[in-house]
Amino acid sequence: MRHERMYLTDESSDLIAFHLYQHGSTNRPERERMRKILLRAIRHELTDRQRSCLTMYYLEGIKMKDIAKTMCLSKSTVSRHISAATRKLRKVASYYQR
């Protein structure tokens with residue numbers, strides 16, 4: 001089964017940013033700045049597999065076991081990719097919170 005590559009848009013990155021940065025500022029310019037930072041991090045800091053797993057899990061609402069079947073991976077590997085991606089994005093976000 002071949003995995004179809006997904007591309008993130010500014011609109012879809014908002015959803016990921018919301019899930020990863022729920023307790024952020026209510027200040028609109030600050031939220032916009034953080035959204036841009038997270039979008040850049042998603043595009044440049046994550047591996048292709050991390051990005052794909054994160055996108056399918058958060059944007060499409062696909063269960064980890066179904067992601068695993070689609071990508072020919074184990075469920076635990078998918079879980080590790082999502083966790084690693086989340087950690088990377090939180091780390092990037094923490095640099096800009098100060």
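Reply: Tyr57 has its place in helix α3 (helices are DSSP runs of H or I, at least four residues, numbered from the N terminus). This is a predicted model, where local features need pLDDT of at least 70, side-chain atom pairs count only at pLDDT 80 or more, and totals for chains, interfaces and linings use all residues. Residues are numbered from 1 along each chain as its sequence is written, and side-chain values use heavy atoms, leaving out hydrogens and water.

Me: Is Tyr57 buried, exposed or partly exposed?

Reply: Tyr57 is partly exposed, at a relative accessible area of 31% (buried is under 20%, exposed over 50%, partly exposed in between, with a 1.4 Å probe and protein chains only).

Me: What does Tyr57 touch?

Reply: Leaving aside residues up to four places away in sequence, Tyr57 touches Ile62, Met64, Ile67 and Ile82 (contact means heavy atoms within 4.5 Å).

Me: And how many aromatic pairs are there?

Reply: The structure holds one. The ring centres of Tyr57 and Tyr58 are 5.2 Å apart and the planes lie at 80°, so the pair is edge-to-face (centres within 6.5 Å; planes under 30 degrees apart are stacked, over 60 edge-to-face, the rest tilted).

Me: Changing topic: which handedness does the crossing of α3 and α4 have?

Reply: α3 passes α4 in a right-handed crossing (the near helix is turned clockwise from the far one by less than a right angle). From α3 the contact involves Arg49, Ser52, Cys53, Met56 and Tyr57, and from α4 Met64, Ile67 and Met71.

Key: Rings of Phe, Tyr and Trp (its six-membered ring) pair if their centres lie within 6.5 Å; planes under 30 degrees apart count as stacked, over 60 as edge-to-face and the rest as tilted. Helices (H or I, at least four residues) and strands (E, at least two) are DSSP runs, numbered from the N terminus.
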